[in-house]
Amino acid sequence: MILDLPDTSTQEVSKSLVRLRESGGAIALGRVLTLIISAEEGESTESAIEATNSASREHPCRVIVLARGSRSEDTRLDAQIRVGGDAGASEVVLLRLYGEMADHGASVVVPFLLPDTPVVAWWPGSAPAIPAEDRLGKLASRRITDATSAADGVGALRERLEGYRPGDSDLTWSRITPWRALLASALDQPPYEKVTSAEVTGPASSAATDLLAGWLHAQLGVPVSRRIGGFGVRLNRPGGPLALEFDQNSTAVLTRTGQPDGRVAVRRRDVAACLAEELRRLDDDVIYEKALAGVAGVDRTEVSE
């Protein structure tokens with residue numbers, strides 16, 4: 001069910017939510033968190049809502065979408081409420097803000113926060129330099145950005161480190177979870193040799209590749225080089241390297257000296273899968289922070305900026 005409320009007020013939207021709850025059942029029961037999606041006009045709010053609907057099957061929540069429109073238009077609020085099949089396992093409150101109201105999203109969203117539940121803020125497109133100091137970020141215990149969606153993903157990672165506060169995370173971190181799992185699993189198998197250096201290869205603009213390199217540098221404490229090319233990781237050890245790359249079928253291939261190649265089917269993770277992973281934990285992600293810091297220690301001399 002979709003209910004449109006053009007040129008409305010927060011009070012009227014709240015009343016409409018109550019009426020929908022009374023007529024259609026307790027649609028807000030069992031919600032485990034409030035997810036706020038913050039986007040500017042022109043950024044794809046619909047794709048963010050679709051990803052949230054999919055993730056909500058694991059994390060039922062109230063979704064509040066703040067879509068900031070033109071500041072030059074007359075001040076008004078256009079709202080839309082989605083429940084049932086149009087909202088996955090959530091209820092979606094879409095708030096389009098125009099005029100002066102576009103700069104006061106944090107105040108507009110307060111009446112719709114579920115009581116006694118954690119608040120998560122997500123910027124699927126452009127994000128503030130310091131999310132925790134943003135007025136919307138101050139309402140949330142967990143703040144999710146996406147460096148991959150930035151025009152300069154590598155530069156965005158540097159900004160994430162400079163503005164990092166406990167509770168921050170980024171979907172780029174979730175995107176490399178399968179790669180990290182494969183490498184960690186391979187290092188847990190014999191021969192148990194110390195890694196002496198590493199090389200990570202990927203497109204020059206790939207924030208995910210840089211973050212993976214930062215993670216290796218932080219966790220292994222060895223020199224890591226960042227190179228341009230197709231995706232691949234090479235961990236150098238005294239007895240021979242351990243290499244991870246993808247073949248023409250997008251299958252991950254693990255190569256180790258003296259052992260048969262290991263092949264693992266790894267699907268590219270979509271935004272919904274990454275978001276679902278981020279919502280599984282609401283505490284501080286210390287490893288992510290260390291990976292961000294590790295990016296600064298990676299040798300990028302062969303990567304053109």
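The largest cavity in this predicted model is lined by Pro 131, Arg 143, Thr 145, Arg 160, Asp 168, Ser 169 and Tyr 288. Two elements, E7 and E8, each give two or more residues to that lining. Residues are numbered from 1 along each chain as its sequence is written. Local features need pLDDT of at least 70 and side-chain atom pairs count only at pLDDT 80 or more, while totals for chains, interfaces and linings use all residues; side-chain values use heavy atoms, with hydrogens and water left out.

**The cavity**

- On a 1 Å grid over the protein atoms alone, a cavity is a set of points where a 1.4 Å probe fits but cannot get out, and lining residues have an atom within 4 Å of a point.
- Searching the whole structure turns up one cavity of 30 Å³ or more.
- The largest cavity has a volume of about 40 Å³, where volume is the space filled by probe spheres set on the points, and grid points are joined across faces, edges and corners.
- Its lining splits into two nonpolar, two polar and three charged residues. Here Ala, Val, Leu, Ile, Met, Phe, Trp, Tyr, Cys and Pro count as nonpolar, Asp, Glu, Lys and Arg as charged, and the others, Gly among them, as polar.

**Helix H4**

- Which residues of helix H4 (residues 153-162) are buried? They are Gly 153, Val 154, Gly 155, Ala 156, Leu 157 and Arg 160. Buried means under 20% relative accessible area (1.4 Å probe, protein chains only).
- The cover over these buried residues includes strand E7 (142-145), strand E8 (168-170), helix H7 (207-220) and helix H9 (286-295).
- Helices (H or I, at least four residues) and strands (E, at least two) are DSSP runs, numbered from the N terminus.

- The chain is divided into domain 1 (2-169) and domain 2 (173-297), with bounds from an automatic or database domain assignment.
- Taken over C-alpha atoms, the domain centres are 32 Å apart.
- Across the two domains, 26 residues of domain 1 are in contact with 24 residues of domain 2, contact being heavy atoms within 4.5 Å.
- A pocket is an open set of grid points with protein on both sides within 12 Å along at least five of seven lines. The largest pocket has a volume of about 530 Å³.
- It is lined by 24 residues, and Arg 175, Trp 179, Ser 206, Ala 208 and Arg 268 lie nearest its centre.
- H7 gives the most to this lining, with three residues.
- Each domain supplies at least three residues of the largest pocket's lining.

- The side chains of Asp 78 and Arg 76 are joined by a polar contact of 3.1 Å. A polar contact is a pair of N or O atoms within 3.5 Å; within protein, one must be able to donate a hydrogen and the other to accept it, and residues adjacent in sequence count only if both atoms are side-chain atoms.
- Asp 78 and Leu 94 are 16 residues apart along the chain, and their C-alpha atoms are separated by 8.2 Å.
- Over in helix H5 (residues 171-175) sits Thr 172, which is buried with a relative accessible area of 0%.
- A polar contact of 2.9 Å links the side chains of Thr 172 and Thr 148.

Definitions and conventions: Buried means under 20% relative accessible area, exposed over 50%, partly exposed in between (1.4 Å probe, protein chains only).
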